[in-house]
Amino acid sequence: MTTDQMQKEIEKTFAEKFGGEGSVYASAGRINLIGEHTDYNGGFVFPGAIDKVIMADIRPNGTDKVRVYSMDIKEYVEFGLNEEDAPKESWARYIFGICREIIKRGGTVKGFDAVFAGNVPLGAGLSSSAALESCFAFALNDLFNGNKIDKFELAKIGQSTEHNYCGVNCGIMDQFASVFGKEGNLMRLDCRSLEYEYFPFKPEDYRLVLVDSRVKHELADSPYNKRRESCERVAKRLGVETLRDATMDELNKVKGDISAEDYMRAKYVIEEKDRVLAVCDALNAGDYETVGKKMYETHEGLSKDYEVSCEELDYLNDLAKEMGVTGSRIMGGGFGGCTINLLPNGLHDRFVETVTEKFKDKYGHEPKVYDVVISDGARLVKEGPKA
Ligand code: ADP
Ligand code: MG
């Protein structure tokens, strides 16, 4: 469904459920072009908002109750705004959490009616949950707080919602990207200082395609924690706070004193930091071939040095390379999930067909393929009638 069609459906449903109309808000899912496993090392990530959104029609209802209808899940939920009023439906807890986190920070939230829907695929690595949080955080800031809460705080409100109401201990990237996203721009976020900068991403001759392997390998020992511990050990050995502050020269000097595994992990992280910076330069120069080359290097590093790939993802990456895709790499933590692919326009249809067919032949199920365009993040889509 296109975003315009979705808006019409939402407005129609709002009129049926609550009568009349409210204001329509949207916020987006996100991709991360490059900068993987860098956040907990104080490095850079490089996300952008995409043309897949959560959209909500919302209107204050003059009570102290929130009444929400989820069009996709086809459920209606009502809740109050005190801590003990938390709903049990997991999708509603995201909205409740946003309300509570605003109130906890001294902001205002009163009762409202809402109908929402989305076209961000759930659990595909595009962060539908951040889109949902950012949509409501942005809306409640506009409707009840005169937009006084600054945008970074809106992102943190989304992050705290995941931590405190949804049991997900996430970083800030997803909510940041969803709130700050801008059409035709990616954002380099410094995970240490939280400074950010926009870089143009307007590839006229290329497009971005995600291939979701739809596999998720759950490994027994927590590989994520083990990677983190390796990074921390090496940083300590080098006398720096995080690997963000280390160079390959410094790492090579201590190579004999650390385990081969720790060395490989740290090497990946240090090289990845430099790759993000190289991609920024390339984008400023409109050089998408270099961007693509760096994406392949990231994949190689994630696969061989950081060892968070898996057979299916390496297969998708090899296939991309064979077909002349400009850049391809694992997006997200690894062990399954998506690859992100930058490819020439003319290759698109053949790539999608081939990857779908060959992956199915080999692994017994089709991957899901998503075209994405870098678009705006949280926004007011349509202002409702003045009360
Ligand atoms: P993702 O990687 O897409 O963020 P999560 O598991 O973090 O996956 O978040 C998905 C959850 O967000 C869903 O289980 C649901 O509770 C909520 N959600 C996302 N999109 C929608 C939607 N369109 N309608 C209702 N709830 C949604
Ligand atoms: Mg999520």
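Predicted model: local features only at pLDDT ≥ 70, side-chain atom pairs only at ≥ 80, totals over all residues.
Student: What makes E4 and E5 count as paired strands?

Tutor: Two strands pair if there are at least two bridges between them. E4 and E5 have six bridges, in the antiparallel sense. So they meet the cut-off of at least two bridges.

Student: What lies between E4 and E5 in their hairpin?

Tutor: Four residues lie between the strands, and Lys-74 takes a positive phi near 60°.

Student: How do you know that E4 also pairs with E6?

Tutor: Count the bridges again. Five bridges join strand E4 (residues 65-70) to strand E6 (residues 112-118). The cut-off is at least two bridges, so this is a pair. These two strands run parallel. Ser-70 stands opposite Phe-116 in E6.

Student: Why is the pairing in that sheet called mixed?

Tutor: Strands of a sheet pair through backbone hydrogen bonds, either parallel or antiparallel. E4 and E5 are antiparallel, whereas E4 and E6 run parallel. The whole sheet is open, with six strands in the order E5-E4-E6-E3-E1-E13.

Student: What makes E5 and E13 edge strands?

Tutor: Each pairs on one side only. Strand E5 covers 75-80, and strand E13 covers 379-382. From one strand to the next, the twist averages 30°.

Student: Which helices lie across strands of this sheet?

Tutor: Helix H1 (residues 3-18) lies across E1, E3, E4, E5, E6 and E13. Its angle to E3 is about 20°. Helix H2 (residues 90-104) lies across E4, E5 and E6, at about 30° to E5.

Student: How much of ligand 1 does the protein cover?

Tutor: On its own, ligand 1 has 570 Å² of accessible area, and the protein covers 80% of that.

Student: What makes up the shell around ligand 1?

Tutor: The shell divides into eight nonpolar residues, six polar and one charged. In total, 15 residues surround the ligand, and Asp-72 and Ser-127 are among the closest. H2, E6 and helix H3 (128-144) each supply at least two residues. The largest share, three residues, comes from H3.

Student: Why do E2 and E8 each have one side without a neighbour in the sheet?

Tutor: Their sheet is open, with antiparallel pairing in the order E2-E7-E8. Strand E2 (44-45) and strand E8 (196-200) stand at the edges with a single partner strand each, so one side of each has no neighbour in the sheet.

Student: How do you know that E7 and E8 pair?

Tutor: Strand E7 (residues 185-190) and E8 share five bridges in the antiparallel sense. At least two bridges are needed, so the pair qualifies. Asn-185 has Pro-200 in E8 as its bridge partner. Five residues lie between the strands of this hairpin, and Leu-194 in the turn has a positive phi of about 65°.

Student: Which helix lies across this sheet?

Tutor: Helix H8 (residues 260-284) lies across E2, E7 and E8, running at about 45° to E8.

Technical notes:
Residues numbered from 1 in each chain as written. Chains lettered and ligands numbered in written order. Heavy atoms only, no water. Axes fitted to C-alpha atoms, helices over the stretch in contact; angles between N-to-C directions. Contact = heavy atoms within 4.5 Å. Near = heavy atom within 4 Å. Areas by Shrake-Rupley, 256 points an atom, 1.4 Å probe, with all protein chains shown as cover. Nonpolar A, V, L, I, M, F, W, Y, C, P; charged D, E, K, R; others polar.
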